[in-house]
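This briefing is meant to be read beside the sequence and the structure shown below.

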Amino acid sequence: MAEARAVIPPEQEAPATQTAPTAYQRWNVQHRLQHGLLALSTMGLIFTGLAIKFHYTGWAQLTFKLFGGFHHNLIVHKVCATGLAASAVWHVIYLLVGWRKMGLSLEIVPTLKDVRDAYHHALYLLNLRSEPPQYGRYTYLEKFEYLAIVWGLFVMGGTGVALWFPTIAAQYVPRVFLDAFRIIHGNEALVAAIALLYGHFFSVHFHPAVFPSSPVWYSGKISIAHLMEEHPLEYQRLVERGVLPAVPEEGHGHGLSGWRRALAGLELVVYSALFYYLLITFIPKLLA
């Protein structure tokens with residue numbers, strides 16, 4: 001999933017020492033704990049849920065054996081669902097408390113600039129623009145991912161609760177709705193898994209620029225060089241506020257070199273092969 005970006009930016013003071021910092025504390029402990037619970041719950045839901053959806057396959061049967069049978073697999077699925085709901089409630093409370101203390105931040109809300117950034121980024125990837133878009137605290141992809149999590153919580157949560165308590169749900173909706181909820185719930189889970197693999201996991205772990213992982217999710221820190229590269233407008237804002245010192249940009253450029261360029265080629269092949277496998281394996285099952 002993909003990681004949920006908190007709306008409230010951390011406040012920091014410029015260091016008192018003469019040594020220029022090499023990293024910026026982008027996430028605090030709250031951000032990392034919330035993300036950790038969200039990540040564990042989501043991965044557990046996908047792992048156990050897809051096994052239920054494709055229960056007739058060999059790998060699903062192995063998953064059931066891992067948990068001691070279908071019943072225990074379902075219990076783990078419900079525990080993870082509870083964890084996901086808890087992470088959502090925790091996040092909302094955190095935002096409301098932060099809103100009361102520090103005021104409302106709308107940095108995560110998409111704007112027309114994000115539409116322009118998406119178009120600019122597409123041209124950059126096609127080598128039709130020499131420079132990438134200038135992002136602030138969040139890129140358009142991060143905003144989309146955050147809103148996708150919100151959408152998924154409502155869709156998966158609503159259908160999931162109905163399937164968890166079918167006798168109660170049947171008192172309020174026709175049986176045909178429950179059948180539709182089952183299809184929506186399973187297909188949305190598959191879409192979420194693909195989005196995590198091709199979107200979030202790539203940008204946070206497998207992107208050649210950060211491989212083997214961005215440290216933000218476990219330490220909360222992002223290097224100044226990476227901040228300047230990926231979030232130049234945020235960096236400029238922090239410099240103007242005195243949070244970070246200005247760093248010369250000589251030698252600072254975009255693009256990959258050395259082993260990271262070779263890694264990009266390898267990952268292109270691997271991801272293409274995985275995409276082909278998904279097309280021939282799962283899509284026919286959805287259409288059957």
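Helices (H or I, at least four residues) and strands (E, at least two) are DSSP runs, numbered from the N terminus. The model is predicted, so that local features need pLDDT of at least 70 and side-chain atom pairs count only at pLDDT 80 or more, while totals for chains, interfaces and linings use all residues. Residues are numbered from 1 along each chain as its sequence is written, and side-chain values use heavy atoms, with hydrogens and water left out.

**Overall make-up**

- The protein has twelve helices and two strands, which follow one another from the N terminus as β-α-α-α-α-α-α-α-α-β-α-α-α-α.
- Of the 288 residues of the protein, 36% count as buried, where buried means under 20% relative accessible area, exposed over 50% and partly exposed in between, with a 1.4 Å probe and protein chains only.
- Among contacts (heavy atoms within 4.5 Å) between residues at least 6 apart in sequence, 70% join residues at least 24 apart.

**Packing of H5 on H7**

- Helix H5 (residues 140-164) packs on helix H7 (residues 175-206) at an angle of about 150°, and their axes are 9 Å apart; axes are lines fitted to C-alpha atoms, for helices over the stretch in contact, and angles run from 0 to 180 degrees between N-to-C directions.
- That angle makes H5 roughly antiparallel to H7, on a scale where angles under 35 degrees count as roughly parallel, over 145 as roughly antiparallel, 65 to 115 as roughly perpendicular and the rest as oblique.
- The residues that make the contact include Trp151, Val155 and Met156 of H5, together with Phe181, Ile184 and His185 of H7.
- The residues of this contact divide into nine nonpolar, five polar and three charged; Ala, Val, Leu, Ile, Met, Phe, Trp, Tyr, Cys and Pro count as nonpolar, Asp, Glu, Lys and Arg as charged, and the others, Gly among them, as polar.

**Packing of H1 on H7**

- Helix H1 (residues 29-53) and H7 pack at an angle of about 130°, with 10 Å between their axes, and the two helices are therefore oblique to each other.
- Among the residues that meet here are Thr42, Met43, Ile46 and Leu50 in H1 and Ala189, Leu190, Ala193 and Leu196 in H7.
- The contact of H1 with H7 comprises nine nonpolar residues, five polar and one charged.

**Nonpolar cores**

- The largest nonpolar core has eleven residues, including Tyr24, Trp27, Val216, Ile222 and Leu244; such a core is a set of buried Ala, Val, Leu, Ile, Met, Phe, Trp, Tyr and Cys residues joined through side-chain atoms within 4.5 Å.
- Helix H9 (224-230) and helix H10 (232-240) are the elements that give two or more residues to this core, and H9 gives the most, with three.
- A second, separate core of eight residues includes Ile46, Leu50, Phe54 and Leu196.

**Two single residues**

- His231 is found in the loop between H9 and H10 and counts as buried because its relative accessibility is 5%.
- Leaving aside neighbours within four places in sequence, His231 is in contact with residues that include Arg26, Tyr135, Arg137, Glu142 and His226.
- Thr22, in the segment before strand S1 (23-25), counts as exposed because its relative accessibility is 64%.
- Not counting residues up to four places away in sequence, Thr22 touches Ile222, Ser223 and Ile224.
- Thr22 and Ala225 are 203 residues apart in sequence, yet 7.8 Å apart in space, C-alpha to C-alpha.
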